[in-house]
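Please walk me through this protein chain in plain terms. I would like to know how its parts are placed and which residues they bring into contact.

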Amino acid sequence: SLETISKRQQQVLHDKKWLKFLRRTWLFRYIPFVEFALAAGSMATGNVKPESDFDVIIGVRPGRIFTARFFAVIGFGLFGWRRTRLNHKEAAADKICLNHFVTEKSYRLSPPYNDYWKNLYLNLVPVFGTLEKINKFFNANSDWLGVEKNYRDDLRHYYRSSSWVKRFREWLLGGRFGDWLQKILRHFQISRIE
């Protein structure tokens, strides 16, 4: 039937997009202060279209959100994988949308909660990070989700550990110089956003 063919086409598109997205998630292993990355949006809920982009929620070490964002924008931008505000519809297809960075203080989604948010958060898929950090994020949202989500494993969770390059960058940018750089990057990014 036409409905069966349509469902199969949707599944094939979903699978192709996941393969493309997963081939790009290795970059999170190199971005300093990124603790985890979760696939969100249509990728997580399975409602993909040809023009769908790749939404991600990125967990970052407190006090380094603008540093992590800067390196993510540069890194994914160099490969042409980042969605910009200028990208719309077809131009945004298969681009990674870097618009949702959280630290431990902001893991918990602010109300109001509705069926859309509940469905999205129940279907988030880890693609980078340790089980400990990912479960901290899920636990912070368990009360309004109404379920204790204890994440263990998913085949799409390719990368669990940081590269030595990322660890070196974090060591280099972890002290006073990193504090100074964070202030500069914060000022620059906020002025650009405004």
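Gly178 sits in helix H8. This is a predicted model, and the positions discussed here are computed from it. With a relative accessible area of 1%, Gly178 is buried, because the cut-off for that word is under 20%. If neighbours within four places in sequence are left aside, Gly178 is in contact with Arg64 and Leu173.

Helix H8 covers residues 176-193, and its axis comes within 8 Å of the axis of helix H3, residues 65-78. Two packed helices are described by the angle between their axes and the distance between the axes. Here the axes cross at roughly 70°, which makes H3 roughly perpendicular to H8. The crossing of the two helices, H3 and H8, is left-handed. Which residues of H3 and H8 meet? On the H3 side they are Ile65, Phe66, Thr67, Arg69 and Phe70. On the H8 side they are Gln182, Leu185, Arg186, Gln189, Ile190 and Ile193. Sorted by class, this contact of H3 with H8 has six nonpolar, three polar and two charged residues. An α-helix has 3.6 residues a turn, so residues three or four places apart point the same way.

Next comes strand S1, residues 34-39. Phe36 has its place in this strand. Is Phe36 buried or exposed? Its relative accessible area is 0%, so Phe36 is buried. Leaving aside neighbours within four places in sequence, Phe36 is in contact with Ile57, Ile58, Gly59, Val102, Tyr107, Phe128, Gly129, Lys133, Ile134 and Phe137. Arg23 is 13 residues from Phe36 in sequence, and the two are 16 Å apart in space, C-alpha to C-alpha.

Leu38 is also in strand S1. Leu38 counts as buried, at 0% relative accessibility. Not counting residues up to four places away in sequence, Leu38 touches Asp55, Val56, Ile57, Leu124, Val125, Pro126, Ile134 and Phe137. Leu38 and Asn139 are 101 residues apart in sequence and 14 Å apart in space, C-alpha to C-alpha.

One of the contacts of Phe36 is Val102, a residue of strand S4. Val102 has a relative accessible area of 4% and is therefore buried. Between Val102 and Gly59 there are 4.9 Å in space, C-alpha to C-alpha, although they are 43 residues apart in sequence. Leaving aside neighbours within four places in sequence, the contacts of Val102 include Gly59, Val60, Ile65 and Phe137. Ile65 is also among the H3 residues that meet H8.

Ile134 and Phe137, which both Phe36 and Leu38 touch, belong to helix H5, residues 131-140. The buried residues of this helix are Lys133, Ile134, Asn135, Phe137 and Phe138. What do the buried residues of H5 pack against? They pack against strands S1, S2 (54-60), S4 (101-102) and S5 (125-129), and against helices H4 (115-122) and H6 (142-145).

His157 also touches Ile134. His157 is found in the loop between H6 and helix H7 (164-172). It counts as buried, at 3% relative accessibility. The side chain of His157 makes a polar contact with the side chain of Tyr151, at 2.9 Å. Not counting residues up to four places away in sequence, His157 touches Pro126, Val127, Phe128, Gly129 and Leu131, among others.

The last topic is the backbone. Most residues other than glycine have a negative phi, and most peptide bonds are trans. Phe33 is not a glycine, yet it has a positive phi of about 75°. Phe33 lies in the loop between helix H1 (2-22) and S1, and it is buried, with a relative accessible area of 1%. Asp94, in the loop between H3 and strand S3 (96-97), has a positive phi of about 65° and is not a glycine either. At 15% relative accessibility, Asp94 counts as buried. The peptide bond from Pro111 to Pro112 is cis, with omega near 5°. Pro112 has its place in the loop between S4 and H4.

Definitions and conventions: Residues numbered from 1 in each chain as written. Predicted model: local features only at pLDDT ≥ 70, side-chain atom pairs only at ≥ 80, totals over all residues. Heavy atoms only, no water. Axes fitted to C-alpha atoms, helices over the stretch in contact; angles between N-to-C directions. Helix = DSSP H or I, 4+ residues; strand = E, 2+ residues; numbered from the N terminus. Parallel < 35°, antiparallel > 145°, perpendicular 65-115°, else oblique. Left-handed = near helix turned anticlockwise from the far one by under 90°. Contact = heavy atoms within 4.5 Å. Nonpolar A, V, L, I, M, F, W, Y, C, P; charged D, E, K, R; others polar. Buried < 20%, exposed > 50% of the residue type's maximum accessible area, 1.4 Å probe, protein only. Polar contact = N/O pair within 3.5 Å; in protein donor to acceptor, adjacent residues only side chain to side chain.
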